[in-house]
Amino acid sequence: MKAQGTIIRVIGPVIAAGGMRGSRMYELVRVGSEQLIGEIIGLEKDVATIQVYEETSGITPGEPVIGTGMPLSVELAPGLLGTIYDGIQRPLLGLEEKSGFYIQRGIQVPPLDRSALWDFTPEVVRGDHVVAGDIIGSVPETGTLTHKILVPPGMEGTVREITGKGAYRIDDTIATIETRGEKRAIRMLQYWPVRRARPFATKLEPTIPLITGQRIIDTFFPIAKGGTAAVPGPFGSGKTVVQQQLAKWVDADIIVYVGCGERGNEMADVLREFPRLEDPLTGEPLMKRTVLIANTSNMPVAAREASVYTGITIAEYYRDMGYDVALMADSTSRWAEAMREISGRLEEMPGEEGYPAYLASRLAAFYERAGRITTLGTEGRTGSLSIIGAVSPPGGDFSEPVTQNTLRIVKVFWALDAELAYKRHFPAIDWLESYSLYSDQVRGWWHEHAGEKWDEIRDSMMARLQKESELEEIVQLVGADVLPENDKRVLLIAEIIRESFLMQHAFHRVDTYCRPEKQYAMMRVILAFEDQARTALERGAGTDAIGALPVRTRMARLGTIPDDNFDDECRAVCEEMRTQFGSLGAPGQEGGEEP
């Protein structure tokens with residue numbers, strides 16, 4: 001039975017309603033005469049505390065509150081890809097068509113088009129026994145991705161009816177399954193409560209890297225498929241640019257991008273740019289494998305809290321089909337701020353810096369929904385959901401609660417440094433502060449697909465960067481001239497690593513994405529330069545002369561060489577390197593031995 005009560009108190013986005021006996025926690029309700037969307041977040045006797053996902057100004061005590069009997073859920077069916085939603089899965093383009101430029105309160109537009117026809121192909125026949133997770137049929141949602149219609153979790157039985165191949169709407173019955181003597185209709189359209197994780201069979205080890213095309217990430221601080229990562233950084237350090245780069249180039253089948261509480265102009269850039277981009281994996285528009293959730297900072301704060309749950313539930317749905325899904329949450333700090341505001345309205349006991357005491361458990365519950373899994377069903381498909389969350393610590397203070405609680409959960413930490421950004425070094429990821437706990441687990445993949453010396457070269461380059469940091473303290477005290485030649489060589493190689501490998505041009509047509517084989521080849525070139533520099537020093541050449549070699553300029557441009565010409569360019573660079581190093585240390589040359 002649907003509960004119906006009346007508003008007795010309004011506190012910003014939180015209201016209290018009396019006469020709500022029979023209601024349940026997290027039940028969806030309609031608030032006031034305008035039927036605003038709300039969710040019950042507290043119950044005491046017949047009084048329900050409700051957070052409203054729309055602006056509550058003008059709402060007064062005495063107005064009705066009607067329960068729906070359902071939790072806050074998302075609609076799952078063909079048509080999700082390429083759509084832009086707000087935090088509670090209302091399509092923004094549909095809202096614009098119905099209400100104009102400004103979103104009217106209480107307006108309702110179905111998340112998915114009920115009139116669209118989808119070509120359905122059955123994959124079971126009458127009499128088949130099916131279990132949760134089995135594929136009933138398939139729909140070509142885009143030119144490259146097949147949407148699989150699954151038996152909902154918790155259902156098992158015998159197929160009594162199945163439609164033939166043809167065009168159907170998402171709310172048409174496509175199959176009937178008899179379970180425990182009861183016949184239940186199956187449609188393409190299904191619902192799932194956003195706060196409950198979708199079930200799976202088993203969780204697998206994260207041994208396959210999620211290739212991003214960003215050299216500092218893939219080589220130095222890799223994330224695995226099904227992994228979790230945090231991107232904290234102060235204002236202006238490039239968090240959103242990194243998130244958008246990953247959304248464009250990561251090798252996942254599906255991208256879910258959640259703009260949670262970000263500035264409107266940043267989300268507007270995403271909404272304008274993504275439809276124009278071409279997917280490098282398929283050649284199709286990038287939006288055909290993307291779902292955008294846009295909840296900007298000027299939208300109601302309660303809907304911001306719901307937006308991350310909306311995004312991750314959609315991501316889990318595609319994961320259950322056997323796809324690799326990547327979710328970008330930008331940013332979880334704004335989500336935590338929404339929790340803090342709602343908690344304050346509820347007069348809950350505050351924790352550190354005013355955040356609710358359950359901040360850590362909410363963050364953990366969110367990130368723990370990531371993973372590489374075996375799906376439900378007799379087929380046992382493999383899917384993955386990777387979560388990459390941006391964190392916006394005030395003033396770049398990584399000791400604040402959201403950053404610290406996030407670091408206790410995630411296994412990859414890409415620390416952004418504003419000083420690197422000011423020096424025009426992008427991505428501005430600090431190689432000394434960052435880390436990845438997946439490096440050992442993905443080593444086998446890199447050995448197989450890139451080269452057997454991947455970890456050896458990677459460790460060598462990391463050691464050079466670490467040594468550079470130690471030597472810089474000496475240089476600041478006494479200058480670089482007093483250093484031994486070997487230490488000067490370390491500084492030179494570290495500089496080459498930074499300028500020729502770690503720096504990457506996000507808006508360059510070629511350098512914006514670097515495939516793994518190309519990354520490994522660039523590392524080999526830097527290693528060859530270091531080997532020849534060491535030999536030249538033994539012959540008596542000076543470090544200054546080595547650093548002035550013209551081949552350095554050519555090495556720094558390797559990332560901008562198209563893939564078709566890259567192998568030839570690598571050979572040419574190595575040949576030029578041998579020629580120029582051969583002249584060092586010879587009689588009559590700068591830095592050479594005395595005749």
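Entry 1: I began with Tyr309 and Trp335 and found both of them buried, taking buried as under 20% relative accessible area, exposed as over 50% and partly exposed as in between, with a 1.4 Å probe and protein chains only. The model is predicted, and I therefore note that local features need pLDDT of at least 70 and side-chain atom pairs count only at pLDDT 80 or more, while totals for chains, interfaces and linings use all residues. Residues are numbered from 1 along each chain as its sequence is written, and side-chain values use heavy atoms, with hydrogens and water left out.

**Entry 2: aromatic pairs.** I counted 13 aromatic pairs, where rings of Phe, Tyr and Trp (its six-membered ring) pair if their centres lie within 6.5 Å, with planes under 30 degrees apart called stacked, over 60 edge-to-face and the rest tilted. One of these is Tyr309 with Trp335, an edge-to-face pair with 5.8 Å from centre to centre and 85° between the planes. I traced Tyr309 to helix 5 (residues 301–319) and Trp335 to helix 6 (residues 332–345), so that the pair links distant parts of the chain, 26 residues apart; helices (H or I, at least four residues) and strands (E, at least two) are DSSP runs numbered from the N terminus. I then looked at Tyr317 and Tyr318, whose ring centres are 5.6 Å apart with the planes at 70°, so this pair is edge-to-face too. Tyr317 is buried at 2% relative accessibility, and Tyr318 is buried at 0%.

**Entry 3: charges over rings.** I looked for NZ of Lys or CZ of Arg within 6 Å of a ring centre and within 35 degrees of the ring normal. The charged end of Arg198 sits over the ring of Trp192, 5.0 Å from the centre, and Arg340 lies over the face of Tyr355 at 4.2 Å from the ring centre.

**Entry 4: cavity and pocket.** I searched a 1 Å grid over the protein atoms alone, where a cavity is a set of points that a 1.4 Å probe fits but cannot leave, a pocket is an open set with protein on both sides within 12 Å along at least five of seven lines, and lining residues have an atom within 4 Å of a point. The structure holds one cavity of 30 Å³ or more, and the largest cavity has about 70 Å³ of space. Its lining includes Arg198, Asp320 and Arg381, and divides into seven nonpolar, two polar and three charged residues.

The largest pocket has a volume of about 770 Å³, and among its 27 lining residues Leu92, Phe101, Tyr102, Ile103 and Met299 lie nearest its centre. Helix 1 (92–99), helix 4 (264–273) and strand 21 (290–295) are the elements that give two or more residues to this lining.

**Entry 5: backbone.** I noted a cis peptide bond from Asp330 to Ser331, with omega near 5°, and Ser331 lies in the loop between strand 22 (324–330) and helix 6. The bond from Phe426 to Pro427 is cis with omega near -5°, and Pro427 belongs to the loop between helix 9 (418–422) and strand 26 (435–436). Gln35 has a positive phi, near 60°, and is partly exposed at 30%, in the loop between strand 3 (27–31) and strand 4 (36–44). Gln89 also has phi near 60°, but is buried at 2%, in the loop between strand 8 (84–85) and helix 1.

Terms used:
Points joined across faces, edges and corners; volume = space filled by probe spheres on them. Nonpolar A, V, L, I, M, F, W, Y, C, P; charged D, E, K, R; others polar.
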